[in-house]
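User: I would like a close look at one part of this model. Please keep it brisk.
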Amino acid sequence: MKNIGIIFGGKSPEYRVSLESVTSILNEMNKELYIPILIGVSKEGTWYKFNGDIAKIVEDTWVNHDDCIPCLLSPNPADSKLLVLKQNKIESIVLDAVFPIMHGANGEDGTIQGYIKLSGIPIVGCDVLASALCMDKYRSHQLISNEGIQCAKSHVFNQSTIHLISVYCDEIGYPCFMKPVNAGSSFGISKVNNKTELKQAIDLAFQYDHEIIVEEFINGFEVGCAIIGDKNLIVGRIDEIELSEGFFNFDEKYTLKTSSIHVPVRISIEKEEEIKETAKRIYKALGCSGFARVDCFINQKSEIMFNEVNTIPGFTAHSRFPSMLKAIGYTFQEIITMVIEEAFNNEES
């Protein structure tokens, strides 16, 4: 059996999403293959080895004196260990792999991947560079445009160029989207319908990053593609987001109050195959490995336009990523096993 360090929580706006994802994974993980070593990161960024009941994780009562012991990963690659800082001694636990189940800032942006890389322990999921690139909405678009794949017109602004945003919005037209360059789960994103909504949208986006991106509105619908692997890719069925209004913001992603997810997408098989091939090109161009979800738009001309890559997508039993893979016959437990085993496949290749 292999010790799998599972990191959850984190100093991120998506802290609560991580708690839900990790609870689902722990409930379904094959305990005959893996021993989960739980590493919780508090909202303040403090690391603990968590020894309590997993029900406390989703309830967000896991940070407590009885269940938590301070810990850290040894940055010495010769160790491959978690160091547990008990009162009178340091206990070490050898880890065969580390599975970060942390969404958004400090978890999905290459930060935690860099720390794990220093430890020399295999990482479940994308590595440092791919994680950082995919989190950056502007620079990932630049790379994918160079691959000949369409992206929305966009431009990046910071505090020194904020006065030029209104001019750019006039150029690309309304509605348009205002987004933090680095943020996940639609945090800080606004659909701007006219000039009077600009200031509020700009202020919101700057709450999440020091750079913001303004994108043209794509008239169409969003599709997603779940991918596992490195060289030999496993690709799920394509899904489709049906919106009745607005855009797929954080509330809609986790409540589906006015939207629906269709698996498979309601288009021809030929078009679905084209989306899969495009998604694989995007995945490879950004250096992804392990697993990721590639999101695109289909515009009114039926053209595929790149949106973003989520390197640690939502991982509950009903999230989009596992749902697309379930549609080709995999159980949730099999999906978890496949993504963990990819960490070892990458080490051997």
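Which residue in β11 is the bridge partner of Met178?

Analyst: In β11, Met178 has Ser190 as its bridge partner. This is a predicted model, in which local features need pLDDT of at least 70, side-chain atom pairs count only at pLDDT 80 or more, and totals for chains, interfaces and linings use all residues. Residues are numbered from 1 along each chain as its sequence is written, and side-chain values use heavy atoms, leaving out hydrogens and water.

Now the strands around that bridge. Strand β10 (residues 176-180) and β11 run antiparallel, joined by three bridges. Strands here are DSSP runs of E, at least two residues, and helices are runs of H or I, at least four residues, both numbered from the N terminus. Two strands pair if DSSP finds at least two bridges between them.

The sheet is open and has four strands. Their order is β9-β12-β10-β11, with antiparallel pairing. β9 (154-157) and β11 (190-192) are the edge strands, each pairing on one side only. On average, neighbouring strands are turned by 25 degrees against each other, direction ignored. Axes are lines fitted to C-alpha atoms, for helices over the stretch in contact; angles run from 0 to 180 degrees between N-to-C directions.

Helices come next. Helix α6 (residues 165-172) packs on the sheet and touches β9, β10 and β12 (212-216). Contact means heavy atoms within 4.5 Å. The direction of α6 makes about 20 degrees with that of β12. Helix α7 (residues 198-206) lies across β9, β10, β11 and β12. Against β10, α7 runs at about 25 degrees.
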